[in-house]
Amino acid sequence: MAAGKDPFLLPFPVQPPEAGRLAPRRPSLSGQSVVLFDNSRMSYPSFAEIGGVVRQSLQDHGATVVAMQYPLLSLTAEQLQDCAEAVVRSGVSAAVIGLAEAGITQGSVALAVLLEARGIATATICTDPGVQLAKSVAAAVLPGLAMIDLAITPEHTPRQAGEQARAMLEHVIAALTSVPVPLPAVAPLFPDAGALRSAWQAAAKQPDAGVAMRDFLRACEQARIGDGLPCIPPSALLVDAMAASVRDAREAVLVAPTHPSGAAITVELAAINAVMAGCEPAHFPVVLAALHAMAAPRYRLAQSVITTHPGTNLILVSGPLAQRAGVSSGGGCLGPGQRANLSIGRAVNLCMMNVLRSIPGLTDLGTLGSVAEIGTCFADAAYGNWTSISEELAGPRTSTVTVHRCAAPYGIMDLLSRNPEGVLDGIAAAATSIACNNAYYPAELIVVLAPDHARIVQAAGWSRRDVRNYLFAKARNRRDALRGRGIDPAWPKWFAALEDIPIAERPEDILVTVAGGPGGQSLVAVPWGLSRASTTVIAEG
């Protein structure tokens with residue numbers, strides 16, 4: 001789209017992704033082979049009776065039931081494709097998928113869409129948290145995709161789960177034997193493009209600049225655009241300048257089509273959202289590098305944008321790029337007053353909200369959310385005798401942009417310790433809460449040492465490797481303290497012999513950087529756990 005055609009450019013695809021088609025239904029299940037697909041939730045003790053009830057009903061209707069189980073929560077888009085092909089190879093004509101609940105909802109709905117496209121009729125059983133996400137995505141991506149609401153939570157007894165399952169059996173059978181009707185009263189994922197553009201144009205005509213900005217914000221709010229804070233109107237002139245600051249073509253795809261919306265993030269859409277976030281053109285290369293990093297399969301973007309976890313896409317910029325973009329590593333770098341840091345972080349989050357349509361209360365399952373999610377970005381300092389993170393990760397003459405899905409960085413105060421062990425013991429304690437995701441899903445940990453703490457560590461002759469090794473040995477939870485709480489752990493096999501469970505799989509998974517101003521206040525950012533940190537490397541001459 002040529003920028004000059006419209007006074008304002010929209011921060012989402014003007015033409016949303018084309019909806020798919022449902023598989024044909026047979027009027028009876030008699031003689032059919034049906035997959036009862038357990039995405040791992042049906043195996044939960046509270047849910048276990050549901051599978052048996054559904055199996056018996058399918059058999060009573062004359063179907064042969066084939067059982068399959070895949071833990072959809074941890075699968076990449078490519079692995080989901082493989083999973084769908086495995087179902088096809090089983091020779092079935094229909095599938096019941098359960099349970100679409102919490103973070104596993106995204107993969108469950110995506111699997112149903114893939115199966116319908118391959119001619120397999122599906123019925124997906126869903127429960128909260130996840131019902132609204134499932135229905136919203138289904139309505140946008142494949143109208144009529146059968147989402148059966150099961151009013152069950154993990155607190156219900158198996159008997160209660162079985163009773164609820166029996167009550168909704170007729171809906172499951174109907175979904176497999178007749179074409180489901182589109183879900184009613186579901187808010188569309190994408191707003192009315194014409195209405196939003198008209199509202200923006202009307203706001204721009206206000207004679208008072210303050211009133212114009214207020215009306216612009218109200219229009220964004222009405223259309224579920226933005227993060228709730230005032231945005232810069234994305235005029236063609238500003239978007240052109242933003243897009244011209246990089247060599248990439250405007251139509252180039254940065255992030256492949258991704259749920260909830262099924263849309264792709266292009267350079268132009270990223271530029272529009274960067275303008276709205278308050279970025280200058282000098283900031284835009286960092287935004288693109290961050291999106292490139294998040295597009296890597298290891299980041300598991302589709303799951304991270306809808307998780308119940310109060311996480312943020314923490315962006316760490318290192319090397320000459322940080323200086324060119326004005327990303328701060330000094331005092332207060334993770335707080336207010338840091339325009340580059342805040343605008344870059346916000347631009348990335350606006351892409352998640354406006355393009356992928358990760359909308360709190362609709363498709364984002366965040367139980368509470370976090371103010372850090374609005375945008376978290378900072379630079380590292382090559383402090384003392386330690387090199388920059390970019391040099392450690394990628395070698396000299398490079399810049400790096402590392403993105404990791406983390407909880408908001410947690411403060412560690414220590415004004416009295418005078419040795420590395422004292423400083424690091426506090427960090428280890430903060431990283432080993434039995435309520436943190438990394439107790440059950442070990443992943444990379446980000447440690448931000450304040451210069452005062454880094455000075456103590458370096459004065460004792462400790463390297464970054466020494467810090468990582470110490471924290472890896474120290475930051476552990478007793479196995480007994482983790483039993484029967486949190487979530488079923490996903491530990492590597494070698495953890496089976498341990499009584500003290502590490503919060504990372506290896507010392508190298510603890511990223512240690514230096515940032516901030518004077519004062520004995522460091523930070524630790526514990527991970528969401530299901531994604532892995534991802535880095536874009538930029539060659540510097």
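This is a predicted model: local features need pLDDT of at least 70, side-chain atom pairs count only at pLDDT 80 or more; totals for chains, interfaces and linings use all residues.

Let me begin with the second largest pocket, which holds about 670 Å³ of space. The residues that line this pocket number 27, and Ala77, Pro257, Thr258, His259 and Ala302 are the closest to its centre. Among the elements that give two or more residues to this lining are helix H2 (77-89), strand E6 (253-258) and helix H12 (301-304), while the largest share, five residues, comes from H3. By class, the lining has 17 nonpolar, eight polar and two charged residues.

Residues are numbered from 1 along each chain as its sequence is written, and side-chain values use heavy atoms, with hydrogens and water left out.

A pocket here is an open set of points on a 1 Å grid over the protein atoms alone, where a 1.4 Å probe fits, with protein on both sides within 12 Å along at least five of seven lines, and lining residues have an atom within 4 Å of a point. The largest pocket has a volume of about 1,000 Å³, and of its 39 lining residues, Thr308, Asn437, Tyr441, Gly486 and Ile487 lie nearest its centre. That lining divides into 23 nonpolar, 10 polar and six charged residues.

Now to the charged pairs: a search of the whole structure finds 20 salt bridges, each being a side-chain nitrogen of Lys or Arg within 4 Å of a carboxyl oxygen of Asp or Glu. In one of them, glutamate 373 pairs with arginine 405, the closest N and O atoms being 3.8 Å apart. Because glutamate 373 lies in the loop between H14 and strand E9 (376-379) and arginine 405 in strand E10 (residues 398-407), the pair ties together parts that are 32 residues apart in sequence.

Are these two partners buried or exposed? Glutamate 373 is buried, with a relative accessible area of 16%, and arginine 405 also counts as buried, at 2%, where buried means under 20%, exposed over 50%, and partly exposed in between (1.4 Å probe, protein chains only).

Another salt bridge joins glutamate 280 and arginine 339, at 3.0 Å from N to O. Here glutamate 280 counts as partly exposed at 36% relative accessibility, and arginine 339 is partly exposed at 46%.

Note on methods:
Grid points are joined across faces, edges and corners, and a volume is the space filled by probe spheres set on the points. Ala, Val, Leu, Ile, Met, Phe, Trp, Tyr, Cys and Pro count as nonpolar, Asp, Glu, Lys and Arg as charged, and the others, Gly among them, as polar. Helices (H or I, at least four residues) and strands (E, at least two) are DSSP runs, numbered from the N terminus.
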